[in-house]
Amino acid sequence: MGTQTVRAGTRILAQQVPIQELIKSLARELKTIVTDATGLTAKYDFTLTYASLEPASPPAKMPEGLEPLPDIFAALQSQLGLKLERQGEPAEVLVVDHMEKTPTGN
């Protein structure tokens, strides 16, 4: 699976890639946990093109004939038929609510 930077966006080109690889790529890009609820187990060929996640100033004038790139959520839906949605999921958390300093000998 390869990633390219294109006109203020990103393009992922994939050949014979399991859905789990796409999930890992999305998790890295979004800097969050992404879980797979698709149930898909085959390997797929696809191209996914979406607008950069980093805020950028819009061009003074969009070149004629070029439409702005969709965000990653819209691109997944329109280009791959996958829906990426934000959900609160339970997560295991360790909380330290008290600590005492114990002296150690030299």
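1. Basis. Local features in this predicted model need a pLDDT of at least 70 and side-chain atom pairs count only at pLDDT 80 or more, while totals for chains, interfaces and linings use all residues. Residues are numbered from 1 along each chain as its sequence is written, and side-chain values use heavy atoms, with hydrogens and water left out.

2. Confidence. The mean pLDDT (the predictor's confidence in each residue, from 0 to 100) is 83 for the protein, and 83% of its residues reach 70 or more. Confidence is lowest in strand S1 (residues 2-6), with a mean of 64, and highest in H2, at 94; helices (H or I, at least four residues) and strands (E, at least two) are DSSP runs numbered from the N terminus. Where pLDDT is low, the predicted coordinates should not be read in detail.

3. Leaving aside neighbours within four places in sequence, Phe46 is in contact (heavy atoms within 4.5 Å) with Met1, Ile12, Leu13, Ala14, Val17, Leu22 and Leu80. Ser25, found in helix H1, is buried at a relative accessible area of 9%, where buried means under 20%, exposed over 50% and partly exposed in between (1.4 Å probe, protein chains only). With the same exclusion of neighbours within four places, Ser25 is in contact with Met1 and Ile12.

4. Salt bridges. The structure holds two salt bridges, each defined by a side-chain nitrogen of Lys or Arg within 4 Å of a carboxyl oxygen of Asp or Glu. In one, the side chains of Lys24 and Glu21 meet at 3.5 Å, N to O; these residues are three apart in helix H1, and therefore separated by about one helical turn. Lys24 is partly exposed at 43%, as is Glu21 at 33% relative accessibility. Glu85 forms a salt bridge with Lys83, the closest N and O atoms being 3.8 Å apart; Glu85 is partly exposed at 46%, whereas Lys83 is exposed at 63%.
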